[in-house]
Amino acid sequence: MSPTTPAAGEKRQINVPVMADLAARNESPEILFWVGCAGAFDDRYKRVTRAFVRILEHVGTKYAVLGLEESCTGDPAKRAGNEFLFQMQAMQNITTMNGYGIKKIVTACPHCFNTIKNEYPALGGDYEVIHHSTYLQQLINEGKVGVSGGESFKGRRITFHDSCYLGRANNIYEAPRDVLAALDADLVEMKRSRANGLCCGAGGAQMWKDAEPGKKEINIERTEEALATLSGQAAALANLGGVETETSAPGPHDLQGSIIAVSCPFCLTMMSDGVKNKEQESRVQVFDLAELVASAEGINA
Amino acid sequence: MPSILQSQTFPLPYLYRMLQSIIFLLLLVAAFGFFAWQVRKIRANILVGRDRDMSGNVGERFKKTMLVAFGQQKMFKRLTPALLHLIVYVGFLVINIEVIEIVVDGLFGNYFGFHRSLSFLGPLYDALMATNEILGALVIVAVIAFWWRRNRTQPVRRLTGVELRAWPRLDANIILYVEVILMVALFTMNTADLKLHQLRGEDLPGTFPISSMLTGLFPASESALHVLERVGWWAHIVGILLFLNYLPSSKHFHIIITFPNVWFSRLVPQGQFSNVESITHEVKAMMDPSYVVPPAPTAPDGSALAPTSFGAKDVEDLPWTNLLNAYSCTECGRCTSVCPANLTGKLLSPRKIIMDTRDRVEEKYNSPLIFRPNVYGAEAKHEPITDLANATLLRGKVTPEELWACTTCNACVESCPVNINPLESIIEMRRFLVLEESAAPNSLNVMFSNIENNGAPWAFSPSDRFNWADDLFAAEKPAATAVA
């Protein structure tokens, strides 16, 4: 943080601290922010990375990133069956992080989160790994982020799409909802939510290949459900497949200004593509939790 | 109760009763012996799978078994089938207390000329009989509902599918029919016994709310009633013993094997995929030339084991727990009904993979008495299989197209009421396709080489990895202090 506190609303350039530089100065960060490949390369998702960094800067957390030293966790390789490539990637990353003595990692990507948290320990990488939804929830609970002063989400309808690798894979269902609840928006649940959430279609390395022949793309099926939930079309929700627990459909609502909230880079891509396919992109937006929090906090520049 | 001395004065009924006892004893020994022999074959089939240490965590495993298997926790995600199933399940548990009585009566009562040996329980016996009768009637209602859900013109969606035709479909209905027959036998026995006692002006121990309503339908002849009572009694117990020996050929084996299956559930987060240790040694040796690869495991006699492949091509390549899974499957289709790939019309059906696994292990190793494995044709995009013996699980039954449609979303794993993990088998077979056959879809091979060359699944230059941080600005705002 700069020594003199600038006036509110002033623009400040952020120089993202890199682990190698900290190590050279013999410093260690409180958390390592694991950016992930989507966070680093995907043009749309880079905005999520930047929003999350703004939040980290805003609350004054001592953080660092690996920068050019970060490499794919190996998740897509492992899910696709290429265990050899996965372990090569994992060992490389573990060597890097153990070299820096990393203890605590925060990441916005549920796939990176799951892999580092659950699959790196068997290969010698033991860290405390936190998904950014849990981290944001903590910041809000501690009052470090007030979720106010910026864009107001009051009265806007938001539905949260569960990421498989956060939800069923790791039982994190409430943290993202608690974050959204702080926005004071009109939260509506899809019928297939939490443990019954429907995949966006990108997991298991599907992100990098065409779907097998079928009658529909999975992201379209999911987007239709999200749109029907946001606009409260009970009829469209009556015959959904794979519903385990019946929930009442929300009341009718104008789609304009509605939001599909996600907590995963691949879900963001799939749901955004789905909304475009349904030609609703002028009315419905897809945002990651970090973007919503940064907007509400008024720290975007 | 006539005394033994009395009985001995009538040689013919004495002989008749002794014969009943002896036949019953032989039947009981044969049925349980035959069942044990069948279970041994199943055990052997399960143990062809790869070794996996599932010991330890007794407390957690016990809790899981009580909740998920005994308590049917995961069934209650869908209320209607959960309640119907609960009736049949509780009916099975409670009515089987009466089987204890039947066994005692059958072994000793026939000989000594008494029956209803538990009647010394008095009021408790009244309650037990009344509960049995009410549950018995409810079981018939539930079974009819189950039959309707399965056999109406448009059955419940998850009760349809390419894997649910021919034998699996017949098997499901046989189970329902047998359950009705067993209940009818129980009511025949009770009603006849009740009326027999009424005619003789005697009091039958126990309370029979359903049978007492049915006595009017039965003939008022003592000899006919005696025959009916015996027919009901024998039909009930012989039915149970036959059904017991039908279980190993049927999906209904779940009533037993669910308990060990849940006990041996994976206790790690669902997102954690298994680590392949042999690869870990290889990778470590590559990265550090001084790393000493531990010696390969040997057979108990010290001889070297045949090298195993990476991943699974056939049933013996799967961990034994996945084969235990295959025997626990009731083919209910909750997994398939929530599978995003299946919901959007892809070929993948997690249930089919589990059923194929059981079919395959029974085809290659020990087959059950009734063995009608699924045969797929064009509807599952299957090449006609000519060489059945060498048609491995992968390709012989499960096509790569099914495997590549999986999003690894864990919906199937989450939905299974008995903790079966279809995802694990899918990943094992993907491993075989990729590591042994290099048979991944081309786009995935591109992704692999991107990771190898660029450290990212996309074709971006690694030197651009940190570009996201360029020109990053934030609107300055004093950090909020803790809310007062």
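Chain B is divided into domain 1, covering 4-52 + 76-249, and domain 2, covering 310-457. Keep in mind as you explore that this is a predicted model. Below, we look at how the two domains of chain B meet, and then at how chain B touches chain A.

**The two domains of chain B**

- The C-alpha centres of domain 1 and domain 2 of chain B lie 38 Å apart.
- Where they touch, 23 residues of domain 1 of chain B are in contact with 34 residues of domain 2 of chain B.
- On the domain 1 side of this contact, helix H2 (11-46) and helix H6 (166-200) of chain B each supply at least two residues.
- H2(B) gives the most to that side, with six residues.
- Sorted by class, the domain 1 side that touches domain 2 of chain B has 12 nonpolar, five polar and six charged residues.

**Where chain B meets chain A**

- Turning to the two chains, 72 residues of chain B are in contact with 86 residues of chain A.
- Several elements of chain B give two or more residues to the side that touches chain A, including H10, helix H12 (334-338), helix H18 (422-436), helix H19 (442-454) and strand E1 (473-475).
- This side of chain B is made up of 44 nonpolar, 16 polar and 12 charged residues.

**A helix pair across the chains**

- Two packed helices are described by the angle between their axes and the distance between the axes.
- Helix H5 (residues 83-100) of chain A packs against helix H10 (residues 277-287) of chain B at an angle of about 50°, and their axes are 10 Å apart.
- The crossing of H5(A) past H10(B) is right-handed.
- Which residues of H5(A) meet H10(B)? They are Glu83(A), Phe84(A), Gln87(A), Met88(A) and Met91(A).
- Their partners in H10(B) are Ile279(B), Thr280(B), Val283(B) and Met287(B).
- By class, this helix contact has six nonpolar, two polar and one charged residues.

**A strand pair across the chains**

- The chains also meet through strands: three bridges join strand E1 (residues 11-13) of chain A to E1(B).
- These two strands run antiparallel.
- To find one of the bridges yourself, look for Lys11(A), whose bridge partner in E1(B) is Ala475(B).

Definitions and conventions:
Residues numbered from 1 in each chain as written. Chains lettered and ligands numbered in written order. Predicted model: local features only at pLDDT ≥ 70, side-chain atom pairs only at ≥ 80, totals over all residues. Axes fitted to C-alpha atoms, helices over the stretch in contact; angles between N-to-C directions. Helix = DSSP H or I, 4+ residues; strand = E, 2+ residues; numbered from the N terminus. Left-handed = near helix turned anticlockwise from the far one by under 90°. Contact = placed C-beta atoms within 7 Å. Nonpolar A, V, L, I, M, F, W, Y, C, P; charged D, E, K, R; others polar. Pairing = 2+ DSSP bridges. Domains from an automatic or database assignment.
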